[in-house]
Structures are given as structure tokens and as C-alpha cells.
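The sequence and structure come next.

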Amino acid sequence: MSLEDRLSAWKGPSSDTEQEKQERTERMIRYAIQDHEPLNDCDLTIFTKGSYANNTNIRSDSDVDIAVECTECIYWEEEKNGVRPSNSSPYLGKWTPEKLRIEIINALKSKFPGGVDTTGTTAIQVNYSSSRVDADVVPCFSYKYYFSNGDFRKGTKIFKNGGGSIVNYPRQQLEYGVNKNNRTNYAYKKVVRILKRVQNLMASTATFRDLPSYFIESLVFNCPDELFQYLTWTERVKQVLIHIWKELQGDDEPNSGRWVEANDSFYLFHSSQKWNRKDGREFAHAAWNYLDLT
């Protein structure tokens with residue numbers, strides 16, 4: 001099989017059977033939350049996020065990420081003190097991070113007895129079965145970040161089990177991913193899937209270290225749209241890998257033109273990230289050699 005044929009075969013999402021399991025998993029978790037009476041008086045929004053929701057998933061990362069967002073309590077931060085509207089009232093309801101997590105755990109245990117793992121710091125895992133895939137259920141709250149110009153960005157705030165919190169922007173990842181995919185005639189997400197498969201193959205054969213799939217997606221997200229307009233998958237992948245390699249030379253971030261995560265809301269490289277510029281360029285180099293590109 002030629003390289004072009006292999007890359008073309010790798011561009012697709014999970015198999016139809018795997019997608020059916022993903023959809024069934026999502027439905028069952030929604031039913032579990034909706035049928036749990038103690039949660040009936042909590043304003044909740046349940047939605048998928050991550051590679052499954054963004055249609056960049058492949059078989060080896062076919063688990064489903066589901067956010068259960070309490071929308072009646074909004075956490076917030078400001079770019080500068082005083083830019084948030086002053087007419088907002090403090091939340092006086094009963095839904096604390098601890099209570100929300102406990103009730104979601106109870107709902108899942110009732111629906112999936114013996115199949116719920118609560119040891120994670122952020123997600124509650126529902127283990128797979130013959131008819132389901134693994135699912136990470138994430139309790140969270142509505143969040144707003146207020147900018148100095150009066151605008152704000154909506155996200156979610158996740159409170160870690162044991163302390164600490166994380167802000168995520170899953171809806172922005174979905175929106176910007178769809179927009180880029182449309183601009184590139186649907187090639188963007190296919191190249192993401194190809195390079196995720198390359199990463200997984202390299203990791204499984206100890207050719208290269210394992211890297212998070214979201215990092216791979218973000219690397220491709222930062223590549224110019226015109227690189228996806230080449231006529232073959234081989235040339236598209238080559239140009240993307242060249243761009244990643246060239247643009248990530250050096251370990252210091254430039255003063256302008258910094259790379260961003262696939263949600264276009266956080267910088268991709270900074271001191272608290274679990275990856276760095278070296279990881280990006282070394283991935284590009286390893287993938288080039290693995291595919292034997294010239």
C-alpha cells in the first residue's frame with residue numbers, strides 16, 4: 001500500500017460500530033443524570049466535549065467526554081478589577097462543587113453499578129462494557145471571563161477532587177474547529193486524525209514518546225489554512241509537519257504571534273503546560289521520519 005493510500009485510510013473517524021457505542025454511552029449517561037431525582041431542581045446543561053464532540057477522534061481515543069454544567073451558579077474572573085457589571089447578585093443556592101459532584105456520582109452509580117471510578121481528580125469515569133465505551137463525566141459550573149473592553153468569554157469551571165480548579169473553553173474549541181474545517185474544505189480535521197494515528201503508532205512501537213491527542217490537535221490548528229489546500233494527503237501532511245518544525249525552533253516564546261490551543265482561548269506554550277515547544281518540533285521530526293517523507 002502506498003503512503004498516500006495509508007494516509008487516506010487514516011483520515012476517517014472511529015468505525016461505525018465504535019460510533020454507535022459512543023452514542024449509546026452518551027445517551028445512557030444523559031438518562032442517568034436526568035433520572036436522578038436530587039438533581040431535578042438543579043439547572044443543568046449536559047454536552048459532549050473533546051475529540052468525540054469535535055469529530056477528531058480515532059478508535060484508540062474513542063472514549064466520550066461529557067460535561068455536566070450547573071448553570072444557575074456562575075463563577076467569574078476579570079482581566080482588570082471593576083470591569084465586571086456591578087448589578088450581579090451573589091449565588092445563594094445549595095449547589096456547591098462538592099454537592100454537585102456527589103449527586104452526579106450517585107446518579108452514575110445507580111445507572112452503572114460497579115462501573116464507576118471516582119478516584120480521578122477531575123472526571124468521574126464510567127467504565128466500558130460490550131455495548132459502551134469509556135466515558136469521562138466532568139461536573140462543572142458556568143464561568144465568565146470579563147475583558148477590559150466590556151466583552152466576556154463563556155467557559156466552564158471545574159473543581160478538582162481534593163482542591164484546585166480548572167477553566168475550560170470546550171464550546172470555543174468546537175466553534176473554531178468547525179470554522180477552520182469549513183475554511184479548509186474539510187481537510188483540517190482529517191489531517192488531525194492522520195497525525196493522531198501517526199502519534200499513536202509511534203508511541204505503541206516505542207518510536208516516539210506518547211503525547212496528548214489534544215496537543216496534536218492544537219499543533220495542527222496553528223497551521224495556516226493554505227497548507228490544507230494541497231492536492232494529496234501526503235503533501236498536506238508534509239507541509240503541516242514542515243510548518244510545525246520550522247515555527248517551533250527555539251525554546252523561547254516570541255513576543256507576538258504566539259501559538260494557541262485549539263480553543264483559541266489559551267496560549268499553547270507557557271510554564272504550567274504539560275508540553276513545550278521542543279515536544280512539538282520533535283513530534284514533527286519523528287512523524288516525518290516514521291512516514292519516511294522526503
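## Glu261

Glu261 is buried, with a relative accessible area of 8%; buried means under 20% relative accessible area, exposed over 50% and partly exposed in between, with a 1.4 Å probe and protein chains only. The model is predicted: local features need pLDDT of at least 70 and side-chain atom pairs count only at pLDDT 80 or more, while totals for chains, interfaces and linings use all residues. Residues are numbered from 1 along each chain as its sequence is written, and side-chain values use heavy atoms, with hydrogens and water left out.

Glu261 sits in the loop between H8 and helix H9 (277-290); helices (H or I, at least four residues) and strands (E, at least two) are DSSP runs numbered from the N terminus. Leaving aside residues up to four places away in sequence, Glu261 touches Tyr214, Ser218, Phe221, Phe266, Tyr267, Leu268 and Gln273, where contact means heavy atoms within 4.5 Å.

## Arg132

Arg132 is placed in the loop between strand E4 (124-126) and strand E5 (135-146). Arg132 is buried yet has no salt bridge (a side-chain nitrogen of Lys or Arg within 4 Å of a carboxyl oxygen of Asp or Glu). Asp134, the nearest side chain of opposite charge, is 7.3 Å away; Lys and Arg count as positive, Asp and Glu as negative, and His and the chain ends are not counted.

The Arg132 side chain reaches the backbone oxygen of Asn127 at 2.8 Å.

## Helix H1

Leu3, Leu7 and Trp10 are buried in helix H1 (residues 3-10). They lie on the same side of H1 because they cover an arc of only 60 degrees around the axis, taken from the directions from the helix axis to the C-beta atoms. Their cover includes helix H6 (188-204) and helix H8 (233-247).

Note on methods. Polar contact = N/O pair within 3.5 Å; in protein donor to acceptor, adjacent residues only side chain to side chain.
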